[in-house]
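Here are my notes on the model, point by point. Please read them with the structure open.

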Amino acid sequence: MKQRPRGAGAMNILILGSGGRAHALAWAVQQNPKCDRLWMAPGNPGMAALGECVAIDIEDAAAILKFVKQKPIDFVIIGPEAPLALGVSDALRAADILTFGPSKAAAALESSKNFTKQICDAAKAPTAAYRHFSDAQSAKTYIAAQGVPIVVKADGLAAGKGVIIAEDIQAAYSAVDNMFAGEFGSAGAEVVIEEFMEGEEASFFVLCDGKNLLPMGSAQDHKRVGDGDSGPNTGGMGAYSPAPVLTKEISEKALHEIIRPTMAEMRRRGIPYQGVLYAGLMIKEGQPRLVEYNVRFGDPECQVLMMRLGAQALDLMLATAQGQLNTAKINWADDHALTVVLASQGYPGAYQKGSEIKGLDDMAFDSKQMVFHAGTKQDGTTLRANGGRVLNVTARAETLSAAQSRAYKLLEKVDWPEGFHRTDIGWRAL
C-alpha cells in the first residue's frame, strides 16, 4: 500500500475494539512515534483521549474496508476474537491492508474447541483428555462413565463464559442441558467434555508471523469473582505479569511440546498463523498442558503486558504483520505490572448499568499507573458504567508487591459505590 508523505514511517492506525484490552493497545500504540493518527472503532470514553473514536460495527468487514480506504489507514489492529472468527482480517488482507490478527481459518483455534483438540492430537501436544458431542444424551453417558470433577465447554465463542467446571454429576448434566438449550447461543450447539486438570494456570503469549515465533511474555489471570479464587468464573477480575510459575524451563517446555508443534501442524494444513497466540496452560510438577488457545491478547492480561511494553508494542505488532519477527526483539524491563478489575455489583450475574463514576478526572496517569476503561459510556459530562467489567486500575513497579500497592492506592481514588473488586489480586505470586 502506498505511503502518504507524512514523515518517515508515520502511519495512520485503526484499532478495532471497545474494552479494556483495546484501550491498553491504543495507549501503548499512541506512544510510538510511528503512530501519526489513531482511530478506534468503536472505542470508549477513555480511548477518546488518545485519538478519534468512530462508530463502526467491527464485525462488518465492508464498513471497515470503506473507512480504511477513505482515511486511508496503513495498519489495522484487531483486538477482540469475534471479528477474527468472522474473517475481517481476511477481507482487509485481500484489499492489501496491513493487518494484525489471524485469518478466519486460523482463528478456529479459539472459535472451535473441537478443532483445537484435533490440532493438539495431530501435533501430540499435551492437553486434557476429551470427547466432542452434538447431542445431550451421548454427552451425559460419557460424563457418567468418567465421573467428576469434569469440564463442560461450549464448542464455539461464548465471550469467555462457555466453560463450566462441574464438581458433581448433576451440575455437569445441567451444564450440558443448558448449552444445548441455547444458554450460549450457537456457541453451545456442540460441546466438548474434558478431563479436569489440576495445577496452577498461567497465560503464555507468543507472536507468530506465519513462520517465525517470538515468545512475548507471561501473565496470570484471576478468573473467579471472589477473593481466594472463590465463586463463579468471570471474564477475569485482575491479572499480573510476569507469572512466576512460568519459569524459563517451563516456558521452553511449552514452546517445544505445545506451541511450535501446533504452529507446524497449522502450516502443514495450509493455515499458517499470523498474530498473537495466547496459550492458557495448566502447570503441575513442572509439566505444562494446554487448557485452551485464544487468538488475541487476553483481557485483562493485555493491560499488564501493554503497561510493561509501552511504545515497542507497535513495532512488535508491525513485525508480526509484515512477516519479520526473525529480526524483532523484545526489550523487557525487569519490572512487574498488576491490574485490578472494577466490576458492577452482581457481575457475572445480572447487574445494573448507568451508575455514575467519579474521581478519574483528579488522577495523574503516566507510564507507571493508568486506569483503562472496559465498560463505560459518556453521558454529557458524566461518566457512567455500561458493562459488567467497567474499569482496569493498572500499575507498574520494580516488584510485584509494589505494583500491587500502587494499583490499590490508585483504586481508592475511584468514587463508584455501585462497583466492587477483589482485594487480593496477585496473591498466588505474593
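**Notes on the predicted model**

1. In helix H8, the residues Ala172, Ala175, Val176 and Met179 are buried. They cover an arc of only 95 degrees around the axis, so they sit on the same side of H8.

2. The length of H8 checks out. H8 has twelve residues, 169-180, and at 1.5 Å a residue these should span 16 Å. The end C-alpha atoms are 17 Å apart, which agrees.

3. Look at both ends of H8. After H8 comes glycine 182, with a positive phi near 105 degrees.

4. Arginine 21 deserves a look. This residue lies in helix H1 (residues 20-29). Is arginine 21 buried or exposed? Its relative accessible area is 11%, and the cut-off for buried is under 20%, so arginine 21 counts as buried. Its contacts, leaving out residues up to four places away in sequence, include Gly79, Pro80 and Glu81. Arginine 21 also touches Arg296, Phe297, Gly298, Asp299, Cys302 and Gln303.

5. Next, the nonpolar cores. The largest has 49 residues. Those with the most contacts inside it are Leu14, Leu16, Val76, Leu92, Leu109, Ile259 and Leu281. Helix H9 (residues 248-268) gives the largest share of this core, seven residues. Apart from this core lies another, of 45 residues, among them Met11, Leu25, Met307 and Leu325. In soluble globular proteins, nonpolar side chains tend to be buried together.

6. Neighbours within four places in sequence aside, leucine 281 is in contact with residues including Glu200, Glu201, Ala202 and Phe204. Its contacts also include Leu246, Ala254 and Ile258, as well as Pro288, Arg289, Leu290 and Val291.

7. Last, a sheet. Three strands form an open sheet in the order E18-E21-E20, with antiparallel pairing. Strand E18 (356-357) and strand E20 (376-379) are the edge strands, and each pairs on one side only. E18 and strand E21 (residues 382-385) are joined by two bridges. Isoleucine 357 has leucine 383 as its bridge partner in E21.

Terms used: Residues numbered from 1 in each chain as written. Predicted model: local features only at pLDDT ≥ 70, side-chain atom pairs only at ≥ 80, totals over all residues. Heavy atoms only, no water. Helix = DSSP H or I, 4+ residues; strand = E, 2+ residues; numbered from the N terminus. Expected span 1.5 Å × (residues − 1). Buried < 20%, exposed > 50% of the residue type's maximum accessible area, 1.4 Å probe, protein only. Arc of directions from axis to C-beta. Pairing = 2+ DSSP bridges. Contact = heavy atoms within 4.5 Å. Core = buried A, V, L, I, M, F, W, Y, C linked by side-chain atoms within 4.5 Å.
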